[in-house]
Amino acid sequence: MEGGGSGNNSTPTIDKTRVLDVKPLRALVPVFPSSSEAPPYGTYSSGFSPFYPFSAPQGSQATPDLNQQTHTTPAAPLRSFRATESNWDASGGEYESYDGSTGSVRGRPKSSKKRARKIHDLDFTLSVDENDFVVGVSLSERDDGNREVVHSIQMRFDALRRRLSQLEDAKESPAGIIRRADLKAGNILMTKQVRTNMRKRIGTVPGVEIGDIFFFRMEMCLLGLHAQSMAGIDYMSVRNGLEEEPLAVSIVSSGYYEDDAEDKDVLIYTGQGGAANRDKGATDQKLERGNLALERSLRRGNEVRVVRGMKDSVNQASKVYVYDGLYRIQESWVEKAKSGCNIFKYKLVRIPGQPDAFGVWKSIEKWREGLSSRAGLILPDLTSGAESKPVALVNDVDEEKGPCLLHICLHYQTGLKVHMEVFKTKDRGWGLRSWDSFRAGTFICEYAGEVIEKVSQVGEGEGDDYVFDTSRVYESFKWNYEPGLVEEDGSIEAIEEPNVPSPLVISSKNVGNVARFMNHSCYPNVFWQPIMYENNRESLIHIAFFAMRHIPPMTELTFDYGKSRMGEAAADGGSTSRGRRKCLCGAPICRGNFG
């Protein structure tokens, strides 16, 4: 994450003595955009490095891209496949050509004059057989989304992107080609209308919550949060009497311009345009398009969605985008940039009463640096140094001092990669969360404990608390891509359900690790997979947890405990429902019980 700021509510001080020829924006001649001058649909800002949610297949002969940074996990699930990405041009500029069918871009950045002509190369024109693809997004959901459809689209985008990355790895790319599986995946889903919230609006976006995180600009486009893949200002036209005027609906502060973005409640945002490129130097910004929309929003006082981009705490070479909620523009002015040219500045203030989002990241930043203590901290490290990273114990709910002590059992090749925290929930005992964000597919930890023969060895009434049983019935979910989207035979699609050679029951009652504190949810954000370890020529099955979707920091980690076969029989009219417990997960699709 970027360097820490004060994190207070004070307004940044601006030295206006160095501003030459200062004019209020209202004194400048506005330039209204015509329909042909709509915000460009172009490239992405820089800031994403390659991502390997799972380890690479053995024997891979793909030549590595020197621009890529690879990350591997110590364990690979049985249905895993490889993914990779390349960094975008650091200037955020357009490239000479873009191939929509391959998702690749070629050559060096071009001038802004030629950029507008090349925008049309990004039209979504891929040929996909409708019969091979289950769209799964209704017409009404395309206009107005909900939480489930938002998560579904995100997961399908990431699954498709991973598969396209794998296919690209098997190819020999000519020199000058930068592979962008995220662009190609976005093109395919846009073409097939696998998107939501297509109806542009001011204010909240159905199904997108404050604090949600994204690793690609295209994700925000597919969800209707921010429709511009390159431009930082998204706006819409509204009628004002007999005329139409632009109003800003959302902005992305990604660090490309000279923004002051350290305060958690105030953002000093720089207008768009005027940046230097290889063909010409910097120029004065103009009161047109997005800049004009922000000025009109200042006058009208409408809400503006704000997305903040920052460095990923897990991988400093990557960028993560955080939806920080609704702001209002309070003030605007013109000042001199470092280049000496005039730029527009807008002061946006966060609307009170919203859940913390960017503020959570700033608080964690202070905890890491030791600048402030964690509220409700009981122990800085529950594991007493047994884990490679400390696991804090926190209770800011009541006076309980902690769960029963347990022996820490490590079943990794390596230890924890992130800073975990065991915390007291309001109504479900102790839970687990992380100071770091998880990207979909990221390895989290194993379920460590003692392998037992049957649940009854643990003790009556304690099975659901301390036992992981692979023989239970688990709700299925869609994780893999649709093969028809990449013109592959549907029969090669990876198996969705875990394939466990023999039932495995693990008890963490006496010996375990942090996974012991993960609570059940009928709508979880973590899933499990069996993995194989070789030890003294013997194959051993372990249970590993992975992020089902992007998980923001300080979000409780949950997985589906499943239902016992006995419980299934009772639900179908059998004679018993022994062992089933009331579920308190609070999910909209809660089953009511588990175990």
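**Entry 1: terms and model**

I began with the rule that two strands pair if DSSP finds at least two bridges between them. I took helices (H or I, at least four residues) and strands (E, at least two) as DSSP runs, numbered from the N terminus. The model is predicted, so I noted that local features need pLDDT of at least 70 and that side-chain atom pairs count only at pLDDT 80 or more, while totals for chains, interfaces and linings use all residues. Residues are numbered from 1 along each chain as its sequence is written, and side-chain values use heavy atoms, with hydrogens and water left out.

I looked up strand β8, which spans residues 304-311. I found that 7 of its 8 residues are buried, where buried means under 20% relative accessible area, exposed over 50% and partly exposed in between (1.4 Å probe, protein chains only). Strand β6 (residues 243-253) runs parallel to β8 and is joined to it by 4 bridges. Ser253 has Arg308 in β8 as its bridge partner. Strand β9 (residues 319-336) runs antiparallel to β8, with 7 bridges between the two. Gly309 stands opposite Tyr321 in β9.

**Entry 2: an open sheet**

I next traced an open sheet of 4 strands, whose order is β11-β12-β14-β15 and whose pairing is mixed. Its edge strands, β11 (377-379) and β15 (430-434), each pair on one side only. Neighbouring strands of this sheet are turned by 35° against each other on average, direction ignored; the axes are lines fitted to C-alpha atoms, for helices over the stretch in contact, and angles run from 0 to 180 degrees between N-to-C directions. Strand β14 (residues 420-424) and β15 are antiparallel and share 5 bridges.

**Entry 3: helix α4**

Is helix α4 mostly covered or mostly exposed? I found that 10 of the 11 residues in α4 (residues 181-191) are buried, so that the helix counts as mostly covered. Among the buried residues of α4 are Asp182, Lys184 and Asn187, as well as Leu183, Ile188 and Leu189. After α4 comes Gln193, whose phi is positive, near 60°.

**Entry 4: the second largest pocket**

I then turned to open space. Rolling a probe the size of a water molecule over the atoms shows where empty space is left. On a 1 Å grid over the protein atoms alone, a pocket is an open set of points where a 1.4 Å probe fits, with protein on both sides within 12 Å along at least five of seven lines, and lining residues have an atom within 4 Å of a point. The second largest pocket holds about 970 Å³ of space, a volume being the space filled by probe spheres set on the grid points, which are joined across faces, edges and corners. I counted 35 lining residues, of which Arg147, Glu209, Asn525, Thr555 and Glu556 lie nearest the centre of the pocket. Two or more lining residues come from each of α3 (147-169) and α7 (358-369), and α3 gives the most, with 4 residues. The lining divides into 17 nonpolar, 9 polar and 9 charged residues. In this division Ala, Val, Leu, Ile, Met, Phe, Trp, Tyr, Cys and Pro count as nonpolar, Asp, Glu, Lys and Arg as charged, and the others, Gly among them, as polar.

**Entry 5: salt bridges**

How many salt bridges does a search of the whole structure find? I noted 29, each being a side-chain nitrogen of Lys or Arg within 4 Å of a carboxyl oxygen of Asp or Glu.

Asp144 and Arg201 meet through their side chains at 2.9 Å, N to O. Asp144 lies in the loop between α2 (139-143) and α3 and Arg201 in the loop between α4 and β4 (213-214), so this pair ties together parts 57 residues apart in sequence. Asp144 is partly exposed at 31% relative accessibility, whereas Arg201 is buried at 12%.

Glu556 and Arg428 form another salt bridge (2.6 Å, N to O). Why does this pair tie together parts that are 128 residues apart in sequence? Glu556 lies in the loop between β23 (538-547) and β24 (558-559), and Arg428 in the loop between β14 and β15. Glu556 is buried at 15% relative accessibility, and Arg428 is partly exposed at 23%.
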